[in-house]
Amino acid sequence: MSCLSASGRKRVLSSGHLRSDAYALPTPKSVREGNENQDAESEMTAKDVAAFGRAERTSNAFTDDEEDSKVYMSVLWNGGKLGAAFYDTFTSEMRLQLDVVERDDFEYLRRLLHQVQPHVIITSSRQDERLLKLLQRKEDEGNPAMTNRQVEILPSMEFSLEVCKRRIVCLANLPGMPAHFTDSERAIYSASLLPMDSSNTVRCLGVLCKYLDKHRVNVELETSDVRVPILAVKTFSLDDVMIIDDNTLNALQVFLKEYHPSAYKASSGKEGLSLFGR
C-alpha cells in the first residue's frame, strides 16, 4: 500500500482498489463555480420561459380583446359641412370630428371611413342619396370591418340640434363631471368640454350617445343603471390634415371681420387687418 500524496489523503491498495475508508479529492473551486453558474443559468432560463409564457398569454388576450372591439360612428352632412362622432369599445373613448367643409364628391368622408373603419354607421334619413350609397358601399373587400359594415338610418327628428344638446347635458358619464352638478352646471361643463359651435358634430354626438345607451354597448352584462363608459372625449382629424376652429383663426388674426359701427349696418362687415387682408 502506498500513499498518493500527503495532502490528498487518499490511500490506494497495492491491487489498485480503493479502501472503504478512502474519500475523493476535493473539487477544484473553478469546477464548483462552473456548476453553480450552470444551475443558475438553468434556473433563470426556466424563469424566463415561464415569464415569456405569461407575457404571451397576456398579449394574446390583449389581441383578442382588440379584435373583438367595435367602432360606432355617427355621420351628418348638412349645410355643406360634414360632422361626425365615433366611439371605440376597446378604448372607451369618444372622438369628435369637427364640422369641415365637404363637397358633393365626399372625398373627405371617404378618407374618414378608410382611416376609422367603423363597424356601425348611424346617419339621418334625410341625407343625400349619394352619401347613403357611399356609406352602404363595400369598397375595401379585403377589410372585414368594411365588408361587415352595418348602416343604421334613423329618423331626421333624432338629429334635432336642441334635442341632441339636451341629451349631451343630461350625460352623467362625461369624464371629470362631478355627480352633484345641477343641470345648469352640467350645461356649462359640457360647453367647456365639447365644441358646441359645430352643430353637425353636436347632433352626431347626441344621436350616438342615445344609440349606445339603447343597445347597451360595452355594458351588456351590467345592470340597467350602468351607463356606457366614456373615459375621454377628444377631437379627431385625418392623419395629414390639421383642423383650425374659428377661435384659433381669430386669435392668430388669420381672418378678422370688422363690422360697421352703425347699428343699422351692423349685419354687414368687411375684412379687417389680418393675414388674409394684408
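Mentor: Contact here means heavy atoms within 4.5 Å. Keep in mind that this is a predicted model.

Trainee: Fine. What do the buried residues of α5 pack against?

Mentor: They pack against α6 (183–193) and α7 (199–214).

Trainee: And which residues of α5 are buried?

Mentor: Helix α5 spans residues 161–169, and its buried residues are Cys164, Arg167, Ile168 and Val169.

Trainee: Then what are the angle and axis distance for α5 and α7?

Mentor: The angle is about 60°, and the axes are 8 Å apart. α5 and α7 are therefore oblique to each other.

Trainee: Left-handed or right-handed, where α5 passes α7?

Mentor: The crossing of α5 with α7 is left-handed. On the α5 side, Leu161, Cys164, Lys165, Arg167 and Ile168 make the contact. On the α7 side, the residues are Ser199, Val202, Arg203, Leu205, Gly206, Val207 and Lys210.

Trainee: How do the residues of that α5 and α7 contact divide by class?

Mentor: Into 6 nonpolar, 2 polar and 4 charged.

Trainee: Switching topic. How do α2 and α3 pack?

Mentor: Helix α2 covers residues 107–116 and helix α3 covers residues 129–136; the angle between them is about 20° and their axes are 11 Å apart. With angles under 35 degrees counting as roughly parallel, that makes α2 roughly parallel to α3.

Trainee: Which hand does the crossing of α2 and α3 have?

Mentor: α2 passes α3 in a right-handed crossing.

Trainee: Which residues meet there?

Mentor: From α2, Leu109, Arg110 and Leu113 meet Leu131, Leu134 and Leu135 of α3. The class count for the contact of α2 with α3 is 5 nonpolar, no polar and 1 charged.

Trainee: Zooming out, how many helices and strands does the chain have?

Mentor: The chain has 8 helices and 10 strands.

Trainee: What share of the residues is buried?

Mentor: Of the chain's 278 residues, 31% count as buried.

Trainee: And what about the accessible surface of the chain?

Mentor: The total is about 18,000 Å², and 52% of that belongs to carbon and sulfur atoms.

Trainee: Last one. What share of the contacts joins residues at least 24 apart?

Mentor: The share is 56%, taken among contacts between residues at least 6 apart in sequence.

Notes: Residues are numbered from 1 along each chain as its sequence is written. This is a predicted model: local features need pLDDT of at least 70, side-chain atom pairs count only at pLDDT 80 or more; totals for chains, interfaces and linings use all residues. Side-chain values use heavy atoms; hydrogens and water are left out. Helices (H or I, at least four residues) and strands (E, at least two) are DSSP runs, numbered from the N terminus. Buried means under 20% relative accessible area, exposed over 50%, partly exposed in between (1.4 Å probe, protein chains only). Accessible areas come from the Shrake-Rupley method with a 1.4 Å probe; for residues, only the protein chains shown count as cover. Axes are lines fitted to C-alpha atoms, for helices over the stretch in contact, and angles run from 0 to 180 degrees between N-to-C directions. Angles under 35 degrees count as roughly parallel, over 145 as roughly antiparallel, 65 to 115 as roughly perpendicular and the rest as oblique. A crossing is left-handed if the near helix is turned anticlockwise from the far one by less than a right angle, and right-handed if clockwise. Ala, Val, Leu, Ile, Met, Phe, Trp, Tyr, Cys and Pro count as nonpolar, Asp, Glu, Lys and Arg as charged, and the others, Gly among them, as polar.
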